[in-house]
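This report examines a predicted model.

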Amino acid sequence: MKYLCLIYLPEALLERLSPAELDALRGNGAAGPARAHGAAYLAGELLGPAGSALTLRRRAGGLSLRDGPAVETPDPLCGFVLIDARDLDEAIALAAANPAARIGGIEVRPVNELAPCALVREPSTPGEALFATDACRFSPSPFD
């Protein structure tokens, strides 16, 4: 099962870390232990500063944009690691091995996998590329 580990850290701390320490937070340092336990490291990245975030909301057919994260927290969301683990216990053990657990907080959440996008139309000419915006159709929002 896939688990998303959301990493919350003081941003001031990130500015003082070395490239090797940043790689470890990103999950690159956890790739070895994850494979050793039978789990799989799938992805991991650090995010830009919380102040660079943009929150959007669609309401009543309109779109509103606001600078900043969707939710203000004492330590902002600074990164993520996506893993494939046997169960929640294994996911927690892997998250606890990330150095971020010692200096901030890590939220571990199961990922509900969605069915693949349905093809809206076949390519009309040989070699035509269909991009995600062309090939995937989103259901109308029940909130519109």
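Which residues does Leu9 touch, not counting residues up to four places away in sequence?

## Nonpolar core

With those sequence neighbours left out, Leu9 touches Leu14, Leu25, Asp75, Pro76, Cys78, Ala100, Ile103 and Gly104. Leu9 also belongs to the largest nonpolar core, a set of 16 residues. Within this core, Leu9, Leu14, Leu25, Val81 and Ile83 touch the most other members. Two or more core residues come from each of β1 (2–8), β5 (77–84) and α4 (88–97).

## Backbone at Ala60

The loop between β3 (54–59) and β4 (62–67) contains Ala60. Its phi is near 50°, a positive value in a residue other than glycine. Most residues other than glycine have a negative phi. Ala60 has a relative accessible area of 75% and is therefore classed as exposed, the cut-off being over 50%.

## Salt bridges

The model contains 2 salt bridges. One joins the side chains of Glu90 and Arg86, with an N to O distance of 3.2 Å. Glu90 counts as buried because its relative accessibility is 6%, under the 20% limit. Arg86, by contrast, counts as exposed at 62% relative accessibility.

The side chains of Arg109 and Glu107 form another salt bridge, at 2.6 Å from N to O. Here Arg109 is partly exposed, at 46% relative accessibility. Glu107 is likewise partly exposed, with a relative accessible area of 24%.

How values were computed: Residues numbered from 1 in each chain as written. Predicted model: local features only at pLDDT ≥ 70, side-chain atom pairs only at ≥ 80, totals over all residues. Heavy atoms only, no water. Core = buried A, V, L, I, M, F, W, Y, C linked by side-chain atoms within 4.5 Å. Buried < 20%, exposed > 50% of the residue type's maximum accessible area, 1.4 Å probe, protein only. Helix = DSSP H or I, 4+ residues; strand = E, 2+ residues; numbered from the N terminus. Contact = heavy atoms within 4.5 Å. Salt bridge = Lys/Arg side-chain N within 4 Å of Asp/Glu carboxyl O.
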